[in-house]
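Please keep the sequence and the model at hand while reading.

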Amino acid sequence: MVTPLSSIAVEAQSSNPNLFVSAENSFFENHFFGSMVVEVVIRDSNISDTDEGKGEPDVTLNGKTLRMVQASDGNWYAYFASKEKAQIADATQAAGSGEGLDFGAFCGNDTPASVFGISFSDTDGVAIPVDGGISGTTQGTASFNACGGGPPASSPNQNNVVRQPRSPNSNPTVPLGQIGIAAGAWPFIQLFSFNDNVSIIYNKGGGSQKVDLSYSDIPNTSLMLDRNGYPKGAEAFVTIRDMQLNQDPTSVDSWTFNINSPRTTFYQAFTEAGTNAANGGSGLVDLNPYLGSLGFEKNGNLGMNLGSVAVLKTNQRQPVSSVTTGMTSYTQIVTLVESEPNSGIFESFDFNDKSTIGISSNAPRGQSASIEYNSKSTSLVAGSSTASLLLGTQTGQLKPGQKVTITLIDSDQNLNQGAREDLDVFRSSAIIPTLQIGNPVTLEKASSVTFYPQSTSFVGGTSFSATVPDKNSDRLILAASASTNITFEKITLDLGITAGTLQSLLIDTPTQGTNWINYDLRSFEQQLGVTSFSDTKMVLYFGGLGLNPVSIIGGGEISSTKGFVQISNAATNDIKLRSPSSSIFLEIDFDASDNDVGVGTVSIEQDTQPIVFDLFSFGEKSGQRFNNAIYRAELEETSNNSGTFTGTIEYAVINQLNQVDPTFIKSLRIIDNEIKFLVNDKLTDEKGINLAYSDVANVGVTIGISSKTDITAHSGSVTLEKQTYRFGQPVVVLLTDPDLNTKHDIVDVYSVVDSQGSLADDTVGDTSGNILLEIRIKGFRYHRCTINGVEHGGLASTGFSLVETGPGTGVFKGSFKMPSQICSEDRTRLISPAGGSIEVSYFDFRDSSGQPREIGLTFQKLSSGPVLNIPKIEESAIIIKSTEIRDAFNRPVLQKSTVGQKLNFVTEISNNDQQSQSYSYIIQVRDQNNSIVDLRWVNGKVDPAKKNIATILWEPILPGNYTVEIFVWDGIDSATPLTKKTEYAINVGSR
């Protein structure tokens, strides 16, 4: 709920420990005026007992006794008002109406104490809530009489200006209210004639307590708006501060104004809860003609010029748009309700932050409406601001499986400053940031929307207009409304495309890809009363409604108002058989079984209905990669009135194990505040992703803004944690590829296939034969075999799997014990791995260039024993000079390096032989735990009697002590050293 204005401390404040007066208020300078009722409370523990007799506190008003009544809470209460203004206020109401400014019935100060149980001789008279059982009462401006009879009846209550008094103390051990008042007389209002100053004194033993009030025009009366400029469709929060509108100190007051032709003023036309208190009855009285005589000067009168900017609305505190008195109906009404009892702050909005004043959805930019109170006018200006859209940080780079924040700043989307707003797809006023990849089918070209009363027929339909105002988000906005109710069971629409367009999108081979439907029908639930979607089906017709149907979603297949559903292979193949030139129509049937489940109703709708229907495809066809999808970000406002909306975005990269896996595709988040999209190729330069937003800028036209970034695939690398292994020692494989990180918040795991019938058996892969990583020993796969009826396991039997080192790292480890025996290549016998080598092959589905690539690493094994190691270095004609470490500016690094500092390892390689020599220049970086954290190499060739300068760049990302090992081999695969290994210790500090 909106709070800035209401939080101003204008409630009754006390300068005394025991005496509290409702009109004591520093903001309004202790003023009260007109027919306002003032409450006086004595809170004194010395006289608060309710079960034993206590003397009435000595309280005076301008030296006259103010009678006090003890309530059930132990405190003492009294109410007083101006005699003259109370009579004038009461005269505005029919006798006994109990509505409006009805003070009840009047009795003179000479009324005997026997009538009410107490005397009011120091007053100018008293107002009581009932006149039953009492004689001599008067109404309105008639002179007071001494009343007789008694005791008064307990009902009906005619008092409407002290609506929620405390109940008098009814403990049977003491007189009612401690002073013996008659039950029907409470709450009584003591009436006095005032000049300018009123002093209330509590004569307490040990010293008196005093409150001075001024009975005159209310100072600091004002009207405030919640902002300077308003976007289209915004709520306009109007707040009036006027203590004189606080007629009843015990309850929230409500004032309703007809703002033009003619101006009217109604008190309590609606209760605090919003029920009609006096509408249509004799109690609804226009007080505008009486404002002057009631003590109002220029206040109490609200006017507006709506122009083409402002509109009047209803809310919970004013549930209807008009009030009627007699034969006259007032249709331009605004209701303001007090923020809390006795605050003097009156607001146009309710508990749900809905105002009775709003800005038109078609408000022209730069024009204004005006609102006037207390002869001061304020403008409500319609206008737009320029938005900004940011994806992460300006220099941030999206990486697979890592969330990046989307930030939209657009005050035009902050329609209600009292609430946090969500840019939901089903809200017609929301503008949705959208990411489109490829060419999905959307409702961009859809038309001819018709609602049908029966699911089994295309007869009796009602057509409504439909548009796609935002070509980024491609939501179809239906203008479904009717002056009388229209029930429906299904709708149809022309998709505006041909079968050939759809056929070119779909992938018809299930082993090469998948096809999907994305839909959002939440507006039908929110506005049109469709409460169940469990019986919904969707059918495509080709060439005309009812012709050549293809069911794409059957009844019972979905249950929610939005979803992401795979198109079956049968439906895909069926679509392929249709004539490419035929037009396509979509039927959405909410009652597929025709049992009247899911029937909706179009009545007098206050809004339009956005819907979404998209067709996606992912995979490969005819050697071309397909990635056709659209993602809509439902951003959420960071706080009330911030105008800043955020969400997140991340992506996952397809690999050979998940490219046709529906479970993986279903993990995408298509319409969400946390978008997750799919990548199956690098998206750079003109193909870079573009999160687009259709901003209505302050120049009055729609402009497209976007946040663009490149999506690059990553080349993987694989290495063994050690270079020497003995039988029984763990062989640790380290695989680094960010593209394998498919989820930002969990550890990804890739397991070994344990299925003899699969081509990928004993590899990290899947049962369909796709291989991610393979271990070879002695040149062939480390696989299983059965010898003499006994099975001997391969890699699957070791429990090997690639486990991500942490959420979002993209670094994976797996290990197995080096076996002393392995199955031979032909699986006929067991052999020793001695004399062989370990080879690790990683099949990178998309490297940094977007192409598939096999990455291998081989460590050869000594023939002399059961130890895996790199061969001894023979004499070589290749000579290297000591390596220099330089920074990004080619300067020697002389001091300790820091995180993020680029380090170039520069080595001179000379060839003293008579033949050219190819080489791999390799650096391997180990941390202080001797774990490999980086491995990279470059290949080169040096001619006879020549020398080359080889360089490799490394950038540390964490502080610590590192060992950099430098190798020169004749090739990365053969791993034959040409020179001795050199090592360098590097200490990396924090930046």
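This is a predicted model: local features need pLDDT of at least 70, side-chain atom pairs count only at pLDDT 80 or more; totals for chains, interfaces and linings use all residues.

Ring pairs join W516, F564, F616, F618, Y631, Y651 and F677 into a cluster.

**Aromatic pairs**

- The count of aromatic pairs comes to 36.
- F458 and Y541 form an edge-to-face pair, with 5.8 Å from centre to centre and 80° between the planes.
- This pair links distant parts of the chain, 83 residues apart: F458 is in the loop between strand 32 (447-452) and strand 33 (462-464), and Y541 is in strand 39.
- F458 counts as partly exposed at 31% relative accessibility, whereas Y541 counts as buried at 8%.
- The pair of F564 and F616 is tilted, because the ring centres are 5.7 Å apart and the planes stand at 55°.
- F564 belongs to strand 41 (residues 562-566) and F616 to strand 44 (residues 609-621), so the pair ties together parts that are 52 residues apart in sequence.
- F564 is buried, at 8% relative accessibility, and F616 is buried as well, with a relative accessible area of 0%.

**Charges over rings**

- K490 lies over the face of F458, at 3.6 Å from the ring centre.
- The charged end of R317 sits over the ring of F351, 4.4 Å from the centre of that ring.

**Nonpolar cores**

- The largest nonpolar core has 97 residues, of which F32, V40, F80, F103, I189, I200 and L302 touch the most other members.
- Strand 7 (residues 76-82) supplies the largest share of this core, 6 residues.
- A second, separate core holds 47 residues, among them A480, F533, I552 and I588.
- In soluble globular proteins, nonpolar side chains tend to be buried together.

**Helix 5**

- The buried residues of helix 5 (residues 569-576) are A571, T572 and I575.
- These residues lie on the same side of helix 5, because they cover an arc of only 100° around the axis.
- The elements that cover them include helix 3 (499-505), strand 38 (513-520), strand 39 (537-542) and strand 40 (550-553).

- An open sheet is formed by 5 strands in the order 2-14-13-4-5, with mixed pairing.
- Strand 2 (31-32) and strand 5 (64-65) stand at the edges with a single partner strand each, so one side of each has no neighbour in the sheet.
- Strand 2 and strand 14 (residues 207-215) run parallel and are joined by 2 bridges.
- The bridge partner of F32 in strand 14 is Y215.

**Backbone features**

- The peptide bond between S155 and P156 is cis, with omega about -5°, and P156 is in the loop between strand 11 (148-149) and strand 12 (189-192).
- Another cis peptide bond runs from W186 to P187, with omega near 5°; P187 is found in the loop between strand 11 and strand 12.
- Q178, also in the loop between strand 11 and strand 12, has a positive phi near 70° although it is a residue other than glycine.
- Q178 is buried, with a relative accessible area of 7%.
- D353 is not a glycine, yet its phi is positive, at about 60°.
- D353 is placed in the loop between strand 25 (345-347) and strand 26 (357-359), and D353 counts as buried at 4% relative accessibility.

Conventions. Residues are numbered from 1 along each chain as its sequence is written. Side-chain values use heavy atoms; hydrogens and water are left out. Buried means under 20% relative accessible area, exposed over 50%, partly exposed in between (1.4 Å probe, protein chains only). Helices (H or I, at least four residues) and strands (E, at least two) are DSSP runs, numbered from the N terminus. The arc is that of the directions from the helix axis to the C-beta atoms. Contact means heavy atoms within 4.5 Å. A nonpolar core is a set of buried Ala, Val, Leu, Ile, Met, Phe, Trp, Tyr and Cys residues joined through side-chain atoms within 4.5 Å. Rings of Phe, Tyr and Trp (its six-membered ring) pair if their centres lie within 6.5 Å; planes under 30 degrees apart count as stacked, over 60 as edge-to-face and the rest as tilted. A charge sits over a ring if NZ of Lys or CZ of Arg is within 6 Å of the ring centre and within 35 degrees of the ring normal. Two strands pair if DSSP finds at least two bridges between them.
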